[in-house]
Amino acid sequence: MINSLYITEGGERQQSMDIEEQYDKIFRFCYYRVHNTDIAQDLTQETFLRFMNSDYKERGEQMRYLYTIARNLCIDESRKARTTDLPEDYSDEGSGSDDLIRKIEVNQALDKMPEEDRELLILRYMNEVPLSDICKIMGVSRFALYRKLNSVKRDFIKLMEGGSFHE
Amino acid sequence: MELKIDRITKQYKNKIAVDRLSFTLGKGVTGLLGANGAGKTTLMRMICGILMPTSGDITYDGASVSEERYRDVLGYLPQDFGYYPEFSGRDFLMYFSALKGLDKKAARARTEELLGVVGLSDVAGKKIRTYSGGMKQRLGIAQALINRPEVLILDEPTAGLDPKERVRFRNLIEEIGKESIVLLSTHIVSDIEHIADKVIMMRSGQIIWQGPWGEEDGSLEDFYLKEFGEEN
Amino acid sequence: MSKDIRKMMADASPKPDMVGKDAFIRAYRKKTERTELSVFDIIKSQFSYIKLPVWLVSIAALIVAIFGINLNRETVFVVAAIMPFVSAIAVFDSMRSRMYGMEELEGVTRISGRGILLARFICIGAVHIVLLLVLSIVVGSSSGYGYAMTGAIITLPYLISSIASMIIERTEIGRENAFGCILVSVMTSVMILAIKDEKALFAAKYRWIWLEMLAVFVALECIQIKKTFRLEEYQWN
């Protein structure tokens, strides 16, 4: 987008991350930490505002920076209020019932996973963040990430099968 | 957020299509009611800056409608529109995303999002000429929303939609009206009865009635029929 | 399996409230740097949408010129007879918004109808100027007329047909179909082939007439381009 180009002090034209592309991804990321769409939306917007107002915009580091801001905001939020920690009702959309059941199953399986594993699944499979960026966001080596991803994926599938998936 | 229409007139050789109209629109849905030939389309084209008024001014927050600044916040669905024959639904939205200044990545994200909003995700790769009238109309609505417009002008948007699509469309417009100026023309009262915050009625280029319309004001349909008794 | 998980998870993820998202992204864009669209941005947006036949005819002309290098005089006229099609197709493609009912939708975008037309003209025009120069050099080297005269013989039919096509495309009937442009191209092409054996016309002493005609038609072309743009400004008056 034209307006996602900004000029650094050196006058160099750089491509920044694009809000159209990242908004929903950051929203999901926040949602699975706070389990509330309104709070997740607020945190998403706060993330972008902080990102915009910072001058930390090195090329290749933007993803990491964006997710780090989001994660910190989510952690602050969950410290603030643990009372609203009830998972949301997922049945708000009136799509076909099979889809709906699947949706609930996926979300229930995700809810059962440890925080860090869930975050990894969301980054990799929901948001399709490149592996190199995930390494930076999670602060792990590529090798460790591969191993971790495989085991987390296995856990997730097992949880899904524990539901009515693949009967 | 204020769209100001100040004494605009459009005169063709022997006919005055729009006759010294003035009104101001703010956030919310405004329904423009009138029979065919009342001047609704002419008025809307002028508001979109693609037809020059014979006299009068149209400004949005101080910007003239001929400026890029205004077109950047404008969304428009004309009464009738075409498409390049080689386009699929997705191509169509990608094309207009580019024209509205979105780069490739943003365009792709926004296109997929909108295809979902109007329920065309499954047929996005198919050529538009294989679409039904309702599907094409939904594509047109998606097109108008690409740039998240502050001013949304819809000329007979429900034409060709089936009853189910109409309901979905009404809900969508009601949502959008919360944060945008929406002007919607129609000759079907029920399209706007429950979602319009304000109603403007036009006949032969003039406003014959305008004002807010709420549930407590009774049936808009009855009022409209009374006003337009001799035509309907 | 990864693909399944991806799809499953994407479908399951919650969506943010649309209105809140709209309002925020709008405000965010206003705060981040806003630049007016540059001519370059506009051109980039249109380049990939120019239809293939426009480029194919240009390439055809070039191929004929290259293979005809040894055929001396005849090549000039064969190439000259192709040029009307090169320009008519370009004009037709540039002005196709109306024919397909896209003009209103394109007119309300940031780029605007004029911007789109400008972009298409610049894209195609730049390529064509290079094409005409290359053709003049390639064909001119063995035509026996010299580069300038060869250039004039090739360029004149190009200009004649493009001027006529623009006039036709601006009319109500002309934009209904491609027939007008085809007719103009065929007529110009036939005219060239008809006069090619009138050797007197191409004699050295009359060459200044050809060059002067070239200058006149370049001027006419500019006038027509200007008129076409003016039409785009307030289309429905």
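Biologist: What share of the contacts in chain C with a separation of 6 or more comes from residues 24 or more positions apart?
Modeller: That's 76%, where a contact means two C-beta atoms, placed from the backbone, within 7 Å. Keep in mind this is a predicted model: local features need pLDDT of at least 70 and side-chain atom pairs 80 or more, while totals for chains, interfaces and linings use all residues. Residues are numbered from 1 along each chain as its sequence is written, with chains lettered from A in the order they are written.

Biologist: How many helices and strands are in chain C?
Modeller: Eleven helices and zero strands, counting DSSP runs from the N terminus (H or I, at least four residues, for helices; E, at least two, for strands).

Biologist: And what about its radius of gyration?
Modeller: Chain C has 24 Å, whereas a compact globule of 237 residues would be near 18 Å. That's taken over C-alpha atoms, and the globule rule is 2.2 Å times the number of residues to the power 0.38. The C-alpha box is roughly 80 × 50 × 35 Å along the principal axes.

Biologist: Switching topic, how many residues of chain B are in contact with chain C?
Modeller: 29 of chain B, with 26 of chain C. On the chain B side, helix 2 (68–71), strand 6 (74–77) and helix 3 (89–99) each give two or more residues.

Biologist: Which one gives the largest share?
Modeller: Helix 3 of chain B, with four residues.
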